[in-house]
Amino acid sequence: MKTNILMIVISAALVIVMSFILIFVFSLSNPDGIKRLTMTARDVFSGTIRSNDIGIYYFIAWAFLTGTLVLITCLALSTNLARTVLAPINRLKTAAENIAEGELNFDVLTSEDAEELAELCDSIEKIRRRLKENAAREIEQQEERNMLIANLSHDMRTPVTAIKGYIEGIIDGIADTPEKQQKYLDTIYSKAIVLERLLDGMTEYSELELGRMQYAFEFVDITEYLSKLAEEYRTEIETHNLSFTCSLADKEMIVLADKNKLKRVLDNLIGNAIKYNKEGGNVMLTQEAVSSGVMITVSDNGTGIKKEDLPRIFDGFYRGDSARSNIKGNGLGLAISKQIIENHHGKIWVKSEKDEGTQIFVYLPLRRKI
Ligand code: ATP
Ligand code: MG
């Protein structure tokens, strides 16, 4: 566009300048130059040229010089236009070829000269960046899947190996007294329960992931609901030699919830606060009103979570290193809790300091009972 305007402006300027120069030169050499030149122009345009008129030569010279100069200018500008358009088009072509081959580590430079192509360059650059992000995410997801399979096979192999070992013990006669045999059978049974729990967790998790889990929502006074559960939790916590602090709101707060699913969440949060606690530690359950919702917090002053583990603890089958080595669990509790809370239109998040403790926050929106 810029070049087109430039071509018109420069051509017009050249015609005007050339006309002035020739009129000036003709006037110097002919006393009544302007008058004669006007007559010549009139003759040229009316087709009655007189070949002996000196003006005609000036007119031909004007037409030739002006035409040549306009042609040269247009050629120069067109060459420049072709160069400024071709360069970005070539860059775009290379970019498209690279993208088609899956090579995404380059920048599509924007075209400053040809503004019409700048938008196209920007769009292709956006496509390249998005594809690159998707490729990175895919690699990450593949790594997560591999890790998940590795973790799962580890979690399944441990009880299966134990079951196999104890059964061999019975077959080979190592458990040679009824007491020993009973002990072996008890161990086999407890290992089978570990496996069953893992499979139950996997089924529950995949049903949630696939959106197949059925919810039975009802209006629940969360204050009353928590105060009943708190008594159950107190007994459980105290049997682990931990203390329990409970601070609940003193007014009715209605949420729309599936009581069983919500219990599944709280069981896991309290269970984690017990499992990952320290000798003589404390578990705290609090409930408070926040803007248009209720906040339930489960806190402990236990082992805490490493900073690098924090972004992943809500992922399915993810367990912190220390948890993996000696504390029972499948790394599914928080992933399941997150799904359940989000299906209640709520939020769940964590705050934790290594060796100081962990706080898990659950926000649920309040509802008006109809
Ligand atoms: P599951 O709940 O399936 O029996 P789990 O307790 O290991 O197993 P999550 O409840 O999902 O799994 O927790 C994921 C990980 O987050 C845990 O393995 C642990 O590393 C860390 N974690 C969760 N809660 C706490 C806590 N209160 N204190 C310290 N670490 C925690
Ligand atoms: Mg758990």
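How many salt bridges are there between domain 2 and domain 3? The count is one. The model behind this briefing is predicted. The protein chain is assigned three stretches: domain 1 (2-103), domain 2 (144-210) and domain 3 (218-365).

**Domain 2 against domain 3: extent**

- The centres of domain 2 and domain 3, taken over C-alpha atoms, are 27 Å apart.
- Contact involves 14 residues of domain 2 and 13 residues of domain 3.
- About 1300 Å² is buried between domain 2 and domain 3. Carbon and sulfur atoms account for 59% of that area.
- On the domain 2 side, the residues that lose the most area to domain 3 are Glu 204, Tyr 205 and Leu 208. Together they make up 39% of what that side buries.

**Domain 2 against domain 3: polar links and make-up**

- Glu 204 returns here: its side chain meets that of Arg 264 in a salt bridge, at 2.9 Å from N to O.
- Two residue pairs are in polar contact across the interface of domain 2 and domain 3, both at pLDDT 80 or more.
- Two helices each supply at least two residues of the domain 2 side that touches domain 3: H4 (115-171) and H5 (178-209).
- H5 gives the most to that side, with eight residues.
- Sorted by class, the domain 2 side that touches domain 3 holds six nonpolar, five charged and three polar residues.

**Around ligand 1**

- Ligand 1 is surrounded by 20 residues.
- The closest of these are Asn 272, Tyr 276, Arg 319, Leu 332 and Leu 334.
- Lys 275 places a polar side-chain atom 2.9 Å from an oxygen atom of ligand 1.
- Gly 320 has a backbone N or O atom 2.9 Å from an oxygen atom of ligand 1.
- Gly 331 likewise has a backbone N or O atom lying 2.9 Å from an oxygen atom of ligand 1.

How values were computed:
Residues are numbered from 1 along each chain as its sequence is written. Chains are lettered from A and ligands numbered from 1 in the order in which they are written. This is a predicted model: local features need pLDDT of at least 70, side-chain atom pairs count only at pLDDT 80 or more; totals for chains, interfaces and linings use all residues. Side-chain values use heavy atoms; hydrogens and water are left out. Domain bounds come from an automatic or database domain assignment. Contact means heavy atoms within 4.5 Å. Buried area is the accessible area (1.4 Å probe) that two parts lose on being put together, summed over both. A salt bridge is a side-chain nitrogen of Lys or Arg within 4 Å of a carboxyl oxygen of Asp or Glu. A polar contact is a pair of N or O atoms within 3.5 Å; within protein, one must be able to donate a hydrogen and the other to accept it, and residues adjacent in sequence count only if both atoms are side-chain atoms. Helices (H or I, at least four residues) and strands (E, at least two) are DSSP runs, numbered from the N terminus. Ala, Val, Leu, Ile, Met, Phe, Trp, Tyr, Cys and Pro count as nonpolar, Asp, Glu, Lys and Arg as charged, and the others, Gly among them, as polar. A residue is near a molecule or strand if one of its heavy atoms lies within 4 Å of it.
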